[in-house]
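This report looks at helix packing, salt bridges and a surface patch in the model shown below.

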Amino acid sequence: MRRLLPAPERRQLLLGAMLSLSVGWLIGHPGWALAIYLLLHLIRHLRELDRLQSWLNDPASEIPESRGTWDDIFRGIYQLRRDEERSRNNLLGIIERARESVSALEEAVTLIDSQGNLEWWNPAAQTLLGIRPEDQGQPIINLIRSPGFIRYFNQAQYEEGLRLPAPRHPGRHFQFEITRFGGNDRLMIVYDITRLHNLEQMRKDFVANVSHELRTPLTVLSGYLETLSDQVEDVAPRWTRPLQQMTQQATRMNNLVNDLLLLSRLENQPDERQPQPVDVVRLLTHIRQDAEVMAQPRGQVIVLTTEPGLGLMGMESELRSAFSNLITNAVKYTQDKGQITIVWHSDATGAHLTVRDNGIGIDPVHIPRLTERFYRADAARSTATGGTGLGLAIVKHVLMQHKATLEIRSVPGKGSTFTCHFPTSAIQRIEND
Ligand code: ADP
């Protein structure tokens, strides 16, 4: 059980009570003597309590001088106050340092509350985003009014950042990254990626220009090669094989240039293009017919199953490139007499195109990198089949444009399955006469 009073205080009280009782006995009024003693004792404690209260109300005042237990209490409280002040100063120091370092950043940092209003920002936000002191508490979408930003800000997930031309600085490009924290507060960091953007643009322009410039000489070379091959009987026999090889390499280079041009077109196209209804069933039927030209001489069977009327909202020529790359790959990487199955169907999760083959398959180590440009699981085989290593990069780009994903499953020696998953929102029913 807890004691009511500390030991010295108790001893003093007992001693005082006994002493006052003894004195009271001597004068014949022990009860009165004890009562007076207790009253004096109470008055002393009330006075000390009074001093404690005034000291607590005025923390700047001197620590009161006292004796015994009260002195311990005053000193104890004084110590607690000093410790608290020290840790408060420490914390304030840390907050100040964090604030200073965020202020020194070149990136704009802003804190946005759960209502979407601007709470705090660093000096870089002032320069990059033009935020002024009077903007505190304003909705951030009133301050950055670009439709792309408003769409990005209002979405529930911020897994990927947003790249935009800088709203107030012509010629500059920003990347916006938002992270949620606490309840629904948001931390937004804005990077100036102008240099990176310009470098990327230079790379894209370079590839596009080189591919374009290569086209004309290549057309001339291929034209002459074709003419020579048509008149093979006029050519000396020792030139037959070199001629064949030159034709093969010219075709390869032509494929490469075409794929590079297509890729750079895909990269440079603005996102605002309007999707059109695409009759995917008709598209697949045509691609299958084209693939048959390669498959039939090798005894391969192509089975196409489609869901009638299932179409997409999208860009037809891009979808044609993506689907024919997958189907051509299936034919290329499947041995003679193999089977290629194409299924186009929909379910509750969206529309799916599956291209399955029972060909050579792919080692699992290669699968995550297959959609990189020029990545080939087996370079020798790819070259032999006229591959450019760009086909799956094109597929990935086209699918990204259509908010679709690519799933690759494969067992070496057994075959591969490439599936394109389109969201339900992309489905378009096509009326056929
Ligand atoms: P390529 O022009 O070399 O075919 P792609 O980008 O279309 O380039 O494909 C990349 C690599 O993925 C190919 O080199 C090949 O190794 C592998 N690959 C693609 N499709 C298949 C398939 N159906 N079966 C086996 N391997 C495949």
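## Salt bridges

A salt bridge is counted here when a side-chain nitrogen of Lys or Arg lies within 4 Å of a carboxyl oxygen of Asp or Glu. The model is a predicted one, and the structure holds 16 such salt bridges. Glu316 and Arg282 form one of them, with their closest N and O atoms 3.8 Å apart. Because Glu316 lies in helix α10 (residues 316–332) and Arg282 in helix α9 (residues 280–295), the pair ties together parts that are 34 residues apart in sequence. Glu316 is partly exposed at 26% relative accessibility, and Arg282 is likewise partly exposed, with a relative accessible area of 41%. Both belong to a network of salt bridges that links Asp279, Arg282, Glu316 and Arg320.

A second pair, Glu267 and Arg203, meets through its side chains at 3.5 Å, N to O. This pair links distant parts of the chain, with Glu267 in helix α8 (residues 240–268) and Arg203 in helix α7 (residues 194–230), 64 residues apart. Glu267 is buried, having a relative accessible area of 18%, whereas Arg203 is partly exposed at 36%. Glu134 also forms a salt bridge, with Arg132, the closest N and O atoms being 3.7 Å apart; here Glu134 is exposed at 52% relative accessible area, while Arg132 is partly exposed at 43%.

## Helix α1 and its two faces

Helix α1 (residues 7–27) has 21 residues and reaches 30 Å from its first C-alpha to its last, close to the 30 Å expected at 1.5 Å a residue. Its buried residues are Glu9, Gly16, Ala17, Ser20 and Gly24. Seen down the axis of α1, these buried residues fall within an arc of 100°, so they line one face of the helix.

That buried set packs against α2 and α3 (68–104), while the face turned away from the buried side carries exposed residues, including Arg11, Leu14, Met18 and Trp25. Just after α1, Gly28 takes a positive phi of about 90°.

## A nonpolar patch

Trp32, Ile36, Leu39, Leu40, Leu42, Ile43, Leu46 and Leu49 make a nonpolar surface patch of about 850 Å². Leu49, which sits in helix α2 (residues 30–57), counts as partly exposed at 45% relative accessibility.

## The loop at Gly389

Gly389 lies in the loop between α11 (379–384) and α12 (391–401), and at 15% relative accessibility Gly389 counts as buried. Leaving aside residues up to four places away in sequence, Gly389 touches Glu372, Arg373, Phe374, Tyr375 and Arg376. Thr371 is 18 residues from Gly389 in sequence and 8.7 Å from Gly389 in space, C-alpha to C-alpha.

Notes
Residues are numbered from 1 along each chain as its sequence is written. This is a predicted model: local features need pLDDT of at least 70, side-chain atom pairs count only at pLDDT 80 or more; totals for chains, interfaces and linings use all residues. Side-chain values use heavy atoms; hydrogens and water are left out. Helices (H or I, at least four residues) and strands (E, at least two) are DSSP runs, numbered from the N terminus. Buried means under 20% relative accessible area, exposed over 50%, partly exposed in between (1.4 Å probe, protein chains only). Contact means heavy atoms within 4.5 Å. Patches are made of residues with over 30% relative accessible area and no salt bridge: like charges are joined within 9 Å, nonpolar side chains (Val, Leu, Ile, Met, Phe, Trp, Tyr) within 5 Å. Accessible areas come from the Shrake-Rupley method with a 1.4 Å probe; for residues, only the protein chains shown count as cover. The expected span of a helix is 1.5 Å times one less than its number of residues. The arc is that of the directions from the helix axis to the C-beta atoms.
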